[in-house]
Amino acid sequence: MNRAAIYARFSTDLQNERSVDDQLALCRTYAEREGLNIVATFDDRARSGGSVMGRDGLLHLMDKAREHEFDVLVVEALDRLSRDMEDLAGIHKRLSFLGVEIRAVHEGVVNTVLVGLRGLVGQLYREDNAHKVRRGQAGRINKGLHAGGITYGYTYVLGDPGKRLIAEDEAEIVRRVFREYVDGQTPRDIAHKLNRDRIPPPRGRAWNASTINGNAQRGTGLLQNELYVGRLIWNRVRMVKDPDSGKRVSRPNPKSEWRTIEVPDLAIVSPDLFEAARERKKARAITHPSHQRRPRHMLSGLLRCGACGAGMSSNGKDKSRRIRIRCSAATESGTCPDPKTFYLDTVETAVLNGLTAELRHPEVIAHYVQTYQKERRRLAAETDARRTRLERRLGELSREIERLVNGIAKGHGDPAVLGPQSTTLNEERKCIVAELDQAPAATGVIALHPAELARYEEQVNQLRAGLANGLEAGDPESAEAMRELIDTVTVFRDPSRIGGIEVEIAGRLTALLGENAFPNGVKGVWGKVVAGEGLEPPTPGL
């Protein structure tokens, strides 16, 4: 008896869990009638047939097929495998290659024609369902009902789908946010206070500025949501499925496609308060040109908080004009467990001192040379292989053209047929000759190009120049040198020293050379360099 496996699937949580059991029972009856021996069953519950992503049962089935665990796959119908033409054809192609025959209970042995027809029908059915769902949602919106998820400040009405009521406890928080914003507080300050008062956020673990600000184009965020003023706007965005990941991605719709319905019974804030908040947002969006772009420091965008992993940003200056930096999570939402501030120049000094010492070490340069040579050999091998393929093809064409010409000369073939063939082959030969003329010659010994060592030395010298310039803020050349060598700088408090810090540097050269590239005992990706508040500024002679 042929070894057989069964696959079953149902689409959504709204369908009966028994659907899979019924499919399995039907397939077992078919297998018994056909003399098949069931050796495995696979299923996916509440999984759409529109993508193979996230379907563990199907992926497990394909793994077992590659291990030749069964010879026949039995399904109730082909749409259980997939309702996508591309995916269904791919499953059929792979199983056929592995010698696995697909049988559908109601259609028998599956062939390429049946796969094409059922794939097309399944995809059309899925797309038609999507259109019907959109039409149903539009109808609900026209009645003032909701067609999506719940919005903060509202609650469901049991037994009346789409109907919403104001949740007074959350509605009061919404009013508070609007009032405090109009009174001059920033979204960051408001989020900070809400977290301090232990108010649960709409989603996630904490309030932050983006929860309140949102996105004007998508209508997200408390201050942007017109439902709070009794105006329901639908179809701002559409959802499309990424064919590579299978995930749904939102895309904004043009404003002409939006649908707006007045729902005054759902208004939480007054029109005057809502408009006042909107006007303040417009005023805040217009920034004086002198403040639109702050000068970039050497470590701008590279700093990470060692306590929580969030980014770090500037946090004002002290009386001596030294710039402070602080965890963005501590500033935005107050959720960082260690909201301490650090001096930027101290962090810069620690980073530059550590990098300069490590990068100039002979063993680092030796690793750089070895890695460079390895990559050059790989590229040279690819070039040589391509040249060899072209030369081989050129020989084949020359022999074939010679054979055709001899055939015409000896009268062994029709010149009207052989002549055009010879012309076509000759055109291809000309193209290959032109490619060979432009292709580099075969490579001999791979040596490190002097320009690469000079570039490496130049990067280190730029760092040294940054030290000599006294870590001047906004120096673009030093900032660029940093970005050539560093991905992130994580800042930790050093509990063993008053005002001390530790920095952990993750660099691009580490990914290239490996963890052993830096021999001076620096731990981690590049490791931790310890510095304290009392560090002397570096001298130009370093």
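Helices H5 (residues 168–182) and H6 (residues 187–196) pack with their axes 10 Å apart, at an angle of about 140 degrees. The model is a predicted one: local features need pLDDT of at least 70, side-chain atom pairs count only at pLDDT 80 or more, and totals for chains, interfaces and linings use all residues. Residues are numbered from 1 along each chain as its sequence is written, and side-chain values use heavy atoms, with hydrogens and water left out.

Helices (H or I, at least four residues) and strands (E, at least two) are DSSP runs, numbered from the N terminus. Axes are lines fitted to C-alpha atoms, for helices over the stretch in contact, and angles run from 0 to 180 degrees between N-to-C directions. Angles under 35 degrees count as roughly parallel, over 145 as roughly antiparallel, 65 to 115 as roughly perpendicular and the rest as oblique. H5 and H6 are therefore oblique to each other. The crossing of H5 with H6 is right-handed. A crossing is right-handed if the near helix is turned clockwise from the far one by less than a right angle, and left-handed if anticlockwise. H5 contributes Ile173, Arg176, Val177, Glu180 and Tyr181 to the contact, and H6 contributes Pro187, Ile190, Lys193 and Leu194. Contact means heavy atoms within 4.5 Å. Six residues of the H5–H6 contact are nonpolar, none polar and three charged. Here Ala, Val, Leu, Ile, Met, Phe, Trp, Tyr, Cys and Pro count as nonpolar, Asp, Glu, Lys and Arg as charged, and the others, Gly among them, as polar.

Arg284 is found in helix H8 (residues 271–285). Arg284 touches Tyr181, Thr186 and Pro187, leaving out residues up to four places away in sequence. Thr186 and Arg284 are 98 residues apart along the chain, yet their C-alpha atoms are separated by 10.0 Å. Arg284 is partly exposed, with a relative accessible area of 42%. Buried means under 20% relative accessible area, exposed over 50%, and partly exposed in between (1.4 Å probe, protein chains only).

The crossing of H2 and H3 is left-handed. Leu58, Leu61, Met62 and Ala65 in H2 meet Ile91, Arg94 and Leu95 in H3. The residues of this contact comprise six nonpolar, no polar and one charged.

Ile102 lies in strand E4 (residues 101–104) and is buried, at 4% relative accessibility. Ile6 is 96 residues from Ile102 in sequence and 9.9 Å away in space, C-alpha to C-alpha.

Salt bridges were then counted. A salt bridge is a side-chain nitrogen of Lys or Arg within 4 Å of a carboxyl oxygen of Asp or Glu. The count comes to 28 salt bridges. Asp71 and Arg3 form one through their side chains (3.1 Å, N to O). Asp71 sits in the loop between helix H2 (56–66) and strand E3 (72–75), and Arg3 in strand E1 (residues 2–9), so this pair links distant parts of the chain, 68 residues apart. Asp71 is partly exposed at 27%, and Arg3 is partly exposed at 31% relative accessibility.

Asp21 and Arg45 form another salt bridge (3.9 Å, N to O). Asp21 lies in helix H1 (residues 18–34) and Arg45 in the loop between strand E2 (36–44) and H2, so the pair ties together parts 24 residues apart in sequence. Both count as partly exposed, Asp21 at 30% and Arg45 at 29% relative accessibility. Asp197 and Arg196 also meet in a salt bridge (3.5 Å, N to O). Asp197 is partly exposed at 34%, whereas Arg196 is exposed at 58%. Salt bridges with shared partners join Glu226, Arg231, Glu262, Glu275 and Arg278 into one network.

Overall, the protein chain has 16 helices and 18 strands. Buried residues make up 38% of its 542 residues. Of contacts between residues at least 6 apart in sequence, 63% join residues at least 24 apart.
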